[in-house]
Amino acid sequence: MITSIASAVLYVSDQDSALEFYRDILGFAVVMDADMGEGSRWLEVKPGEAQSSIVLASAESFGKQPGDGAFLTFAADDVAATVEELRARGATTSDVTREPWGTYATVDAPDGHKLQFNQRPQN
């Protein structure tokens with residue numbers, strides 16, 4: 001039986017640069033960084049204690065283009081504070097947008113990936 005989302009794959013041009021962004025800017029933890037043989041590397045990161053993770057896969061190794069992969073949306077406790085924190089760490093973010101369904105912003109990640117983080121309205 002399927003119980004949860006294990007991981008999403010993002011195809012990147014440079015795994016080390018992607019790692020620096022996700023680990024040092026977003027503050028994600030490294031779940032696994034292992035040699036897969038034939039020049040491939042399994043590089044998996046996740047936010048805090050989350051169940052789901054992101055695999056930062058070498059686009060070249062899998063015949064993909066950098067930027068291919070999933071559009072990711074993360075939950076945030078406070079979108080405005082997250083924007084301030086990410087900007088202080090050197091990230092480029094959108095301004096905060098408030099909608100009836102929630103508050104959100106985006107952050108530019110390597111290879112053209114745009115990550116969204118949102119906060120649902122409190123009832």
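Reader: Two strands pair if DSSP finds at least two bridges between them. So which residue stands opposite Gln-119 in E8?

Author: Thr-103 does. This is a predicted model, in which local features need pLDDT of at least 70 and side-chain atom pairs count only at pLDDT 80 or more, while totals for chains, interfaces and linings use all residues. Residues are numbered from 1 along each chain as its sequence is written, and side-chain values use heavy atoms, with hydrogens and water left out.

Reader: Which way do E7 and E8 pair, parallel or antiparallel?

Author: Antiparallel, over six bridges, with E7 covering residues 102–108. Their hairpin has five residues between the strands, and Asp-111 there takes a positive phi near 65°.

Reader: And how does E5 run with E8?

Author: Strand E5 (residues 73–75) runs parallel to E8 (residues 114–119), joined by three bridges. Phe-74 has Phe-117 in E8 as its bridge partner.

Reader: New topic. Where is Arg-23?

Author: In helix H1, residues 15–25.

Reader: Why does Arg-23 count as partly exposed?

Author: Because its relative accessibility is 35%. Buried is under 20% relative accessible area, exposed is over 50%, and partly exposed lies in between (1.4 Å probe, protein chains only).

Reader: What does Arg-23 touch?

Author: Leaving out residues up to four places away in sequence, Arg-23 touches Phe-28 and Val-30; contact means heavy atoms within 4.5 Å.

Reader: How far apart are the C-alpha atoms of Arg-23 and Gly-69?

Author: They are separated by 19 Å, and the two residues are 46 apart along the chain.

Note on methods. Helix = DSSP H or I, 4+ residues; strand = E, 2+ residues; numbered from the N terminus.
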